[in-house]
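Please have the structure open as you read my notes.

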Amino acid sequence: MSQVTIPAPQVLLAEVTHRCPLQCPYCSNPTELIKKDTEISTTDWGRVFAEAADLGVLQVSISGGEPAARRDLTELIRAARDADLYVNLITSGIGLTQGRLDDLVEAGCDHIQLSLQDVDSDGAKLISNMDKSLERKLDFARWVRERSVPLTVNAVMHRLNLDRLPEIIELALELGARRLEVANVQYHGWAALNKQVLMPTQEQSSRTNQIVAEARESLNGRLLIDYVPVDHYAEYPKSCMNGWGRVALIVAPDGSVLPCHNATTLKHLSFPNVRDQSLTAIWYESSAFNAYRGDSWMPEICRSCDRKEIDFGGCRCQALAILGDASAADPVCSRAHPHSLVIATDESPQAGEVATSEQITYRPNS
Amino acid sequence: MTVDLIPASVTPRFDYGVRLKHDKVRERHVVLGPEILIELNQTGTAIMSEIDGQSTITDIISRLAARFEVNPNDITQDVIEFCTSMVMRQVLRT
Ligand code: SF4
Ligand code: SF4
């Protein structure tokens, strides 16, 4: 086995709670949500942030669920800043008053990323399963701008809202965002349960590529657009998390440490917990983090492929879910799997058609 | 995409939410900002350390030239190109 040099991690995703006032059917939280009574404490998080900084982490993204569902969010942000980390807050904007926002900013929140479900109030309600969620988010975005905190809008795209992408780009500009993430739904976890309703058509997907390319050109210097295309229509897989155990780590609400959001679906691995071990030991020594590092675990086709340093063989969770083998090449890859394994499901409802809430499997609030 | 270089007369400053940090673990400087994590080499570090929101690019060039004992004309293009790329990436604003 070739020796793998393990780089220090740069990014920590601190999923401080799975609780959320919204119920998006593509939520990246696992389908088995972690309950409030097993969440780790304020002190535990403080230790996690300090250990992460010592380990080489430079940025922390505090996310959820909705992080504001934790009453100690201000203390968490302060602890992360005290550890000299750059603090991103990833929020739905629901549940933060102006007063609380002041506290977060004062505690050292560097950047806020606000998720938007849609520009259309009914569309936003259909996805979030909450009345007036769009209106509340727009207020929140204004409060953020009034406090001169840099704002990124994160728009999660799927069949029901892709046709409104031009309006979403307009809205991001109006809100004073400097960055927009146009992120197509990744069809794992909750989203996999809602694939029928959410999967865009191939035509929508290619039109989106074009809209994004044009907007990048015309808004150059005003709005940076990050773009995650629909991976089912791609030729090669994306690199998941920039490679397993290479750049980032996730600490889940109960303190378990994961190399990617869906890692808990890999039942043959056991994930270490910050309650039992230091982050350093977990990163460098745990079998879970070492499981898919380097190339010795890869199938021959990946091991001899010139893209193995680009996509690292793709997503392990998808390989397991679709191919039944967590060590297989990503099912999206056309090199490894010449006959597409991930063809879109039948398209009901059609693009632009109105879906009803009965067709959707919402994630629960907790 | 063609890029217009920024003029040397402007005063660059850090864009909102951006800061320079010494990364002790990797012994180098990095720029941190919204979705921004840029490792700087020695030249980048030298330029970014001069950004104070007061000095123009011309001032920065002459300070760097004095510090590294080079002719300002020899580094002008590099400094302007570097600052332009940082403006494009929303690291600096003018
Ligand atoms: S339900 Fe929606 S807003 Fe809440 S965490 Fe999931 S994706 Fe984010
Ligand atoms: S064969 Fe493996 S490494 Fe090559 S592109 Fe496909 S998934 Fe990536």
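The points below take the interface and then the two ligand sites.

1. A word on conventions: this is a predicted model, where local features need pLDDT of at least 70 and side-chain atom pairs count only at pLDDT 80 or more, while totals for chains, interfaces and linings use all residues. Residues are numbered from 1 along each chain as its sequence is written, chains are lettered from A and ligands numbered from 1 in the order in which they are written, and side-chain values use heavy atoms, with hydrogens and water left out.

2. Chain A brings 28 residues into contact (heavy atoms within 4.5 Å) with 21 residues of chain B. About 2100 Å² is buried between these chains, 47% of it from carbon and sulfur atoms (accessible area, 1.4 Å probe, lost on putting the two parts together and summed over both). Of the area that chain A buries against chain B, L58(A), Y86(A) and R178(A) supply 28%, more than any other three residues.

3. Which side chain meets D15(B) in a salt bridge? That of R178(A), at 2.9 Å, N to O. Three salt bridges cross the interface of chain A and chain B (side-chain nitrogen of Lys or Arg within 4 Å of a carboxyl oxygen of Asp or Glu).

4. Around ligand 1 (a heavy atom within 4 Å) are eight-residue-shell members including C20(A), C24(A), C27(A) and R363(A). The shell around ligand 1 divides into four nonpolar, three polar and one charged (Ala, Val, Leu, Ile, Met, Phe, Trp, Tyr, Cys and Pro count as nonpolar, Asp, Glu, Lys and Arg as charged, the others, Gly among them, as polar).

5. The shell around ligand 2 has six nonpolar, one polar and three charged residues. Among them are C302(A), C305(A), C333(A), R307(A), K308(A) and D311(A).
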